[in-house]
Amino acid sequence: GFRDAVAINPVVSAIGVIVLWGLAIWCMVDPDGSRETLVDWRADVTLYFSWLFMGSKAIFFFYLIYVVFKYGHVKLGRQDEPPEFSTGAYFAMIFAAGVAVGLFVFGVAEPLWHQESHYYANAGYRSQDEIDMFALNMTVANWGISGWAPYLIVAVAMGLAGHRFNLPMTFRSCFYPILGQYTWGWIGDLIDGFAIVVTVAGVCTSLGLGAIQIVVGFQYLGWVKDDITQDEVSRVQNATIWVITVIATASVISGLNAGIRILSTIAFMLGLALLFLVFVMDDTKYLLNLQVQEVGYYLQHSIFQLNFWTDAFGQIREGGGRAVDGAASAAWWMDAWMIFYQAWWVSWSAFVGLFVARISRGRTVSEIIIYSLVAPVAYCIMWFSIWGGVGLRQARQGRELE
């Protein structure tokens, strides 16, 4: 019956409800004060823990390389068990769960932003070509290994726990080799409760960014007036979030083999169609050159340099030894970009990692890492090189006409 099908842990649920509703009520009662406080907290986290965020993502990546060579042959499930989903559906679901809306929000906007904001842009000794190339690579670096490595750490651990050792498909099961039987007590409840809180925080970030982008598109198409007040824009954004939530809920209720798989495939194919249209309707030879160039640039700069980049000198505040030549990056830059992204990825890792683990039954560890790390990084290079490349080239054309 329903009682057997739906099990609720009151401690885990209480943690999620109290923390999330407490935060929501605080933000509704004191929006200005809560915003100022949360922004200060985020800046302090960046100031004191940049080394942890940036160092951990590099460790995640290199650890996964070790896992591929050491345990890549291990299958999630029985050794003779075939994959539950086809390769196409599997990658589409991973794509939709991991990055989908973000690629549309940041595809053009982020490379253009980095034209003026990264630490090369203001140095004074770089050419426009070097600045633009680094802007594109900085974008790809934020969406490549940085995002998928935390996802896969959870996915592999959860997949082994759930499909290989028949443990419950909850976040606490990842810690069973360390905690043993304590996993099923109050410590495990705290782990699952914390996972709920950070997952909701990450999903809210993505929903908010997606809703902003969609409403701007509505205004461009004339479906929403341009001259409405900010309160009216907020109401349209909230309505958009509700519609998205209803569709997502219906997809989840319909199950993996119906709603989620079908919607993921549709979303992925629509993205490919848009990508193809932009690719063939713009300067195709330039975009091909840029994709090849970005591969080399990514391998040279992103794997090691940007993976460990904390902008140590740029984060120094006034009076603490900050550069006096005026060419240092802005002190807020790491907080607004690199650390924001890494915190965003980590907040999503519990949800996306668990989802990837769930759909990976019948696949080997090496297959999971290839489909969820190598393939998405290659796709992100292609996506941002095309969308971001068009945006950068058109911005340069505008400067030529000035």
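**Exercise 1. Which residues line the largest cavity?**

Before we start: this is a predicted model, in which local features need pLDDT of at least 70 and side-chain atom pairs count only at pLDDT 80 or more, while totals for chains, interfaces and linings use all residues. Residues are numbered from 1 along each chain as its sequence is written, and side-chain values use heavy atoms, with hydrogens and water left out.

*Solution.* 
- Step 1: settle the term. On a 1 Å grid over the protein atoms alone, a cavity is a set of points where a 1.4 Å probe fits but cannot get out; a pocket is an open set with protein on both sides within 12 Å along at least five of seven lines; and lining residues have an atom within 4 Å of a point.
- Step 2: read off the lining. Lys57, Ala141, Asn142, Ile145, Ser146, Tyr298, Ser302, Leu306, Asn307 and Met338 line the largest cavity.
- Step 3: assign elements. Two or more of these residues come from each of α7 (128-143), α8 (145-164) and α13 (284-302). Helices here are DSSP runs (H or I, at least four residues), numbered from the N terminus.
- Step 4: sort by class. The lining has five nonpolar, four polar and one charged residues, where Ala, Val, Leu, Ile, Met, Phe, Trp, Tyr, Cys and Pro count as nonpolar, Asp, Glu, Lys and Arg as charged, and the others, Gly among them, as polar.

**Exercise 2. Describe the lining of the second largest cavity.**

*Solution.* 
- Step 1: list the residues. They are Phe91, Ile94, Phe95, Val99, Trp148, Pro376 and Tyr379.
- Step 2: find the elements. α4 and α16 each give two or more residues, and the largest share, three residues, is from α4.
- Step 3: classify. This lining has seven nonpolar, no polar and no charged residues.

**Exercise 3. Characterise the ring pair of tyrosine 90 and tyrosine 371.**

*Solution.* 
- Step 1: recall the rule. Rings of Phe, Tyr and Trp (its six-membered ring) pair if their centres lie within 6.5 Å; planes under 30 degrees apart count as stacked, over 60 as edge-to-face and the rest as tilted. That rule gives 36 aromatic pairs.
- Step 2: Tyrosine 66 and tyrosine 71 are edge-to-face, at 6.4 Å centre to centre with 85° between the planes.
- Step 3: apply the rule. The centres of tyrosine 90 and tyrosine 371 are 5.7 Å apart and the planes stand at 80°, so this pair is edge-to-face too.
- Step 4: Tyrosine 90 is in helix α4 (residues 87-98) and tyrosine 371 in helix α16 (residues 365-401), 281 residues apart.
- Step 5: Tyrosine 90 is buried at 0% relative accessible area, whereas tyrosine 371 is partly exposed at 22%; buried means under 20%, exposed over 50%, partly exposed in between (1.4 Å probe, protein chains only).
- Step 6: look for a charge. Arginine 363 lies over the face of tyrosine 90, 4.2 Å from the ring centre; the rule asks for NZ of Lys or CZ of Arg within 6 Å of the ring centre and within 35 degrees of the ring normal.
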